[in-house]
Amino acid sequence: MSNSAPLLTVRDLRVHFPVTGGMFAEKRVVKAVDGVSFDLYPGETLGIVGESGCGKSTLGRAVLNLIPSTAGRVVWLGRDLAEAGKRGLRALRQEMQIIFQDPLAALDPRMTVGAIIAEPIDTFEPGLPREAKQQRVSEAMERVGLSPTLINRYPHEFSGGQCQRIGIARAMILKPKLIVCDEPVSALDVSIQAQIINLLRRIQREENLALIFISHNLSVVRIISKRVMVLYLGKVMELAERDEIYRNPRHPYTQALLSAVPVPDPDFERTKKRISLTGDLPSPINPPSGCVFRTRCPLAIDICAEKVPALDQAAEGHVVACHRWREAISLLAPTLPAA
Amino acid sequence: MGVSVSVQPHWQVAGAAPLLSVDSLETRFTTPDGVVNAVNGVSFSIATGETIGIVGESGSGKSQVLMSIMGLLPQNGSSTGSVKFNGRELLGLPRDELNKIRGTRMAMIFQDPMTALNPYLTIGRQLTEVLTFHQNINEAMAREQAREILEQVHIPEPAKRLNMYPHELSGGMRQRVMIAMGMLCRPDLLIADEPTTALDVTIQAEILNLLAEQQAATGTSIILVTHDLGVVAQLCDRILVMYGGRIVEQGNARDIFYDPQHPYTKALLLSMPRLDDDPSADLPTIGGQPPNLARLPPGCAFAPRCPYVFDACLAAVPPLREIAPDRRKACLLDHLD
């Protein structure tokens, strides 16, 4: 896959939001995304993990240009989105879609399911005859596991899992090349969550669809991703192939995150070594100097406060932003159950 | 498929009287759409110093069990059965009698600390209120105790935090304040309803450690309600699995996790993505939807989704029967393959 041309190239993307204070308040910005770069190939899933406030949702939206970026470049199939213009961008939207965390809130309560799923067709193929449109909607519903007989029902008649299926059908109907999934299963029960993950994986296989899968749940991200990016305060801490990052996490933050995931295994849970992080996420308005993670890092030393760590290559396709990544893995014990 | 039924009144600790015993608890809500049967005959007990976990998905009735125990049901809800705390019946107790027990002998921690704390009052005011209301001590002493308890839940600069309002604290800090408030009067029983669900995973780990630490220090009993099986694996001695407002399986933590005996428990454990399973395989799923509590089927509530279902499952609700010492399940099958 990686020898083909990337679908999406993101370079040094920054999204800064101004903070409104009083009339004479000092001008301040929240650096929600601060210099993120990655490539995404056709049919690939990039998982983006991090805690609340790390900028993962902002990144997902900025990639789709739903939020204007402050600096940096987003290149879609060789075309810079910033130069695409309003018209060009609108045309490109057919190829990139998004599904949201709260499935019910993402659906208009006054529209029928059929009208919701058909809305992208109305926008991009307005001349399509009614029968052909209904045919496409019915097909889309079947593909996501909804009976087409439900086409005239309203969103409130469906459960959370079914609403998420409707959201997926809507995102799929124009046969996009990329779907940004923003915490798509976080609001669902465990048994329903598994259904939706399997559905996304199946659709992805069949359509060679690329996914950007944003989640705070590391177990879920592992199931679906080919590569995984760990974000902290808007910056990439680590990025690697799935098995590499879960087996050899280099960054202390990645290691701490993995060690904190509760595993449904009482013997393991009661004996495992947990890397505890002190304190809370610092304010993104006033991020720490040097490495942004240093205020909570168990391995922080003087240099971490002075110098921003560069993204070092730790292995083929594995980058990590930490001054001490070479020693981190031996200083913090392995914390995963044996595979 | 031999069916053996042996029903005991409820789970009991050998020798000691249980701290809390819930017997045949039923909770109903009258709604414009009809009666919702949220809790349908739940019996369990908890011994002093024990931690039990109640797990289930949304609509399983797990939170309503807690609300019924605490007497916190809304106007349209009512409970029958028995809830005995230290031998005293709580159901039907007048509100001011109940208030003498709630907050002192038993306390509750909620999922969302922002909505559970009063945004108009400082942390110090909310903490000292508990003490001056229940313990008849003066303001200065109460303040000192409040500062101490914040220190115990590892809140940095506790004296300064007393003057802060809830919105000035992070989510993790607010949940620590909630735990501090729960622990203030050294309760015999701490009831925690999804205490870490709204928190990030690194903060969750700290809060769970804190609960374990507080329990070790004070010997309080804990009922932890959660949908996250990983959370109960870490903290709980015993686990109750709920579905459709009933307990479908109960036993000690190791048995439930390593040898689930109810088809629902087994399916729930299998459908959880884990950090150590094969990521290329599809996740096993539970087909269908959770039951509608306003229209429960006459038989087993899980039957419509159960791969092992047979005729008898649809006829009557399977009793929660003992299958081994301290181990029960509400399933007619003796063995799962």
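1. In chain A, strand E1(A) and strand E2 (residues 28–40) run antiparallel and are joined by 10 bridges. Strands here are DSSP runs of E, at least two residues long, and helices are runs of H or I of at least four, numbered from the N terminus; two strands pair if DSSP finds at least two bridges between them. His16(A) has Lys31(A) in E2(A) as its bridge partner.

2. This is a predicted model, in which local features need pLDDT of at least 70 and side-chain atom pairs count only at pLDDT 80 or more, while totals for chains, interfaces and linings use all residues. Residues are numbered from 1 along each chain as its sequence is written, and chains are lettered from A and ligands numbered from 1 in the order in which they are written.

3. Strand E1 (residues 8–19) of chain A also runs antiparallel to strand E4 (residues 71–76) of chain A, with five bridges between them. Opposite Arg14(A) stands Ala71(A) of E4(A).

4. Chain A holds 12 helices and 12 strands. Along its principal axes, the C-alpha trace of chain A spans about 70 × 55 × 45 Å. Of its 339 residues, 46% are buried, that is, with 20 or more other C-beta atoms, placed from the backbone, within 10 Å of their own.

5. Chain A meets chain B through 37 residues, in contact with 37 residues of chain B; contact requires C-beta atoms, placed from the backbone, within 7 Å. H6(A) gives the most to this side of chain A, with six residues.

Notes:
A residue is buried if 20 or more other C-beta atoms lie within 10 Å of its own, exposed if 12 or fewer, and partly exposed in between; C-beta atoms are placed from the backbone. Two residues are in contact if their C-beta atoms, placed from the backbone, lie within 7 Å.
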